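Please look over the sequence and the model shown here before reading on.

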Amino acid sequence: MLTPTSTSLLVVDAQQGFTELRPVELPVPGGADIVAGVNALLALPFARIDATQDWHPADHRSFLGRADNLYPPHCVMNTPGAEFLPGLHTHRFGAVWRKGYDHDFEAYAVTAQHPGFAAFLRASGVETVVVCGIATNICCFFSARDLRNAGFEVLMVEDASAGIDVPAAGLFQAQARSEGQTLGIRYGTVADVCRAFGT
């Protein structure tokens with residue numbers, strides 16, 4: 001069972017630039033299809049709900065032709081690609097934590113850009129964090145890993161998330177899931193979370 005008063009939801013980078021809605025950016029297969037699952041989670045009585053938003057400058061180091069030369073430009077601040085997915089119930093977000101806004105700093109995890117995030121959750125009485133969004137094995141995983149290492153129980157909701165292998169960056173879905181399970185991150189479905197809330 002999940003206790004609403006001590007469980008939070010973290011919706012990671014559910015943005016247009018990570019979906020086929022913006023095909024020239026960084027589309028993750030199935031990225032646009034997570035909205036219904038995420039909205040089902042957003043309807044649950046979490047103690048708090050946080051979201052992250054990639055918010056890159058046009059010259060971010062991860063972009064092709066820049067220092068890391070890994071990804072097409074995506075989720076550039078103040079562009080449609082940085083906006084949340086259409087139909088997403090963003091009014092349920094208690095706070096939006098932007099990341100990746102420093103052109104020379106890579107921040108897959110919210111905890112990388114906001115090192116006080118874990119302490120903030122703990123001060124809010126949170127003991128368990130449910131994680132969903134895009135991409136399952138990258139920004140979701142790195143955030144989940146850091147929160148697990150900080151002592152939280154963590155549940156990754158796979159059918160409210162979408163992942164993609166990025167060989168150039170050494171980022172693979174199967175590898176992230178295996179590492180996550182070794183750390184004690186639990187993997188489940190929207191239905192699992194609903195049942196755990198008794199709904």
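## Basis of the report

This is a predicted model, in which local features need pLDDT of at least 70 and side-chain atom pairs count only at pLDDT 80 or more, while totals for chains, interfaces and linings use all residues. Residues are numbered from 1 along each chain as its sequence is written, and side-chain values use heavy atoms, with hydrogens and water left out.

## The largest nonpolar core

A nonpolar core is a set of buried Ala, Val, Leu, Ile, Met, Phe, Trp, Tyr and Cys residues joined through side-chain atoms within 4.5 Å, where buried means under 20% relative accessible area, exposed over 50% and partly exposed in between (1.4 Å probe, protein chains only). The largest such core has 62 residues, of which L9, V11, L41, V131, L147 and V193 touch the most other members. Among the elements that give two or more residues to this core are β1 (7-12), β4 (128-134) and α4 (139-149); helices (H or I, at least four residues) and strands (E, at least two) are DSSP runs, numbered from the N terminus.

Leaving aside residues up to four places away in sequence, V131 touches, among others, L10, V12, C140, A144 and V154, contact meaning heavy atoms within 4.5 Å.

K99 lies in strand β3 (residues 95-99) and counts as buried because its relative accessibility is 0%. The side chain of K99 reaches the backbone oxygen of Y108 at 3.1 Å.

T3, in the segment before β1, is partly exposed, with a relative accessible area of 43%. Although T3 and V126 are 123 residues apart in sequence, they are 9.7 Å apart in space, C-alpha to C-alpha.

Methods:
Polar contact = N/O pair within 3.5 Å; in protein donor to acceptor, adjacent residues only side chain to side chain.
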